[in-house]
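Hello,

Here is the structure we talked about. My notes on it follow below.

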Amino acid sequence: MIIKAIISVVAFLVLGPFLGGLLAGLDRKLSAKMQRRVGPPVLQPFYDVGKLFQKEKQTPTRFQDFYVILFVVFIIASGVLFFMGGDLLLVIFTLTIGAAFLIIAAYSSNSPYAELGAERELLAMMAYEPMVLITVIGFYMYGGSFRVSEIMAADNMAFLPLIGIFFGWVFILTLKFRKSPFDLSMSHHAHQELVRGATTEFVGRTMGWIEISHWYENVFLLGFVFLFFANGTAWGWIIGIVVALLTYFFEVFIDNCFARMKWQFAFKSAWVVAVVLGMINLFVLYICF
Amino acid sequence: MSAAYVTKSPWVVHYDGSSCNGCDIEVLACLTPMYDVERFGIINCGNPKHADVFLVTGSVNEQNKGIVKQIYEQMPEPKVVVAVGICACSGGIFKDCYNVMGGVDQVIPVDAYVPGCAARPEAIIDAVVKGLGVLQAKRDAMVKAVDAPAEEVAEAAAEEVATEEKKAGAVPPIFTMAEIKVNTMDFLKK
């Protein structure tokens, strides 16, 4: 058991950024195809990060780098806790602390663009956090355990009993991936009213580390999608991975179909989804199990 | 020599000095499916702190010289400046106006000139891609600079860039300044 946990943690630490970077490259290629463009090479995100590490160091305040390092550490730590089969509650709290450090880093620069981006990131957090909690509670109510290793080894797929929560999770993934219509705090697309939002003041290698931790984060968030299908058999693995990839494709598709919405819409819709899909699903679980 | 990532993902920041918007529209045309500069990893990022290439359109005047300078100074090294359109190259037809200082090179060092009124998207892409040679040279100078004392470094970097440019012909202006003047005169006669 311990050996298995160590192997999966090492696999996450080593393969996580490669997988995340490849997914980011596929995202850009797919987006280009959807817009009838040729698009960059699939390895473009790696070139970008390589370039960022070759740029001059520039930082508005030395505290910013400190917070960015903490952001990277906590995001990777939450992924590690998840893949070693740890406690889901601990995982999401670590993830939240990581996200909080990104916001503090953006605030610390005193740049008006970064501060507005940080405020919007806070609003996005408030929007998605209830659904994250409901997801974890749903896993507990169905399987009777918060531990990822026990959920993975369960006899039944959690997907059907948690179907409302699954779609709620897919909804907030748009917020977590910062895709349109909810890319209000920072966007990968060219022009926006906040320059680059929360990441405006991150230069060179600092920005490189932010990108790498986003790759880790994306892989780990898709791991959550996988968790809905894991039931200890090979079929659970295959279906889980296929659905996780389909979910990613769906997010890219949504990204290309929508313009950015205001934060009010992001906030309201995320809470409506959490209440309608999440709470009703929890209620059904409470009655049936 | 370090791995050549700098040439593989040039991010662009675009500033309109005081052009008629003709060149700006051509710059944006480069992003469309027709030309699709993202093929080369070029992104229009709109943030000088993330940018490697500074595209300036229009001439520089007393009002905006501070802004052009500030954007240039906010960009982290290595960086390249491309003057897009005849106004950005020399001031163009506005050269003799009382408030116009002339081309962008009056305020910041320019690495590649793209003449034309308006500059064609093909020429703009060509200039950015040629600017990558300078970007690599500047990056190599940065790597060498790590061990050497500061003053030597500055001199060496300047020399390095100059010789690289001469040797490889890395960034010949697509036309020389003399040709640009002739072209401009022709344009005016028309």
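The contact between the chains takes 25 residues from chain A and 21 from chain B; two residues are in contact if their C-beta atoms, placed from the backbone, lie within 7 Å. On the side of chain A that touches chain B, helix H2 (residues 44–53) gives the most, with 5 residues. By class, that side has 8 nonpolar, 9 polar and 8 charged residues. Here Ala, Val, Leu, Ile, Met, Phe, Trp, Tyr, Cys and Pro count as nonpolar, Asp, Glu, Lys and Arg as charged, and the others, Gly among them, as polar.

This is a predicted model: local features need pLDDT of at least 70, side-chain atom pairs pLDDT 80 or more, while totals for chains, interfaces and linings use all residues. Residues are numbered from 1 along each chain as its sequence is written, and chains are lettered from A in the order in which they are written.

H2(A) is mostly covered, with 8 of its 10 residues buried (20 or more other C-beta atoms within 10 Å of their own, C-beta atoms being placed from the backbone). Among them are A:Phe46, A:Tyr47 and A:Leu52. The buried residues pack against helix H1 (2–34) and helix H8 (205–227) of chain A. Helices (H or I, at least four residues) and strands (E, at least two) are DSSP runs, numbered from the N terminus.

Chain B has an open sheet of 5 strands, order S2-S1-S3-S5-S7, with parallel pairing (strands pair if DSSP finds at least two bridges between them). Its edge strands are S2 (43–44) and S7 (112–114) of chain B. S1(B) (residues 11–16) and S2(B) pair over 2 bridges. There, B:Trp11 stands opposite B:Ile43.

Best wishes

How values were computed
A residue is buried if 20 or more other C-beta atoms lie within 10 Å of its own, exposed if 12 or fewer, and partly exposed in between; C-beta atoms are placed from the backbone.
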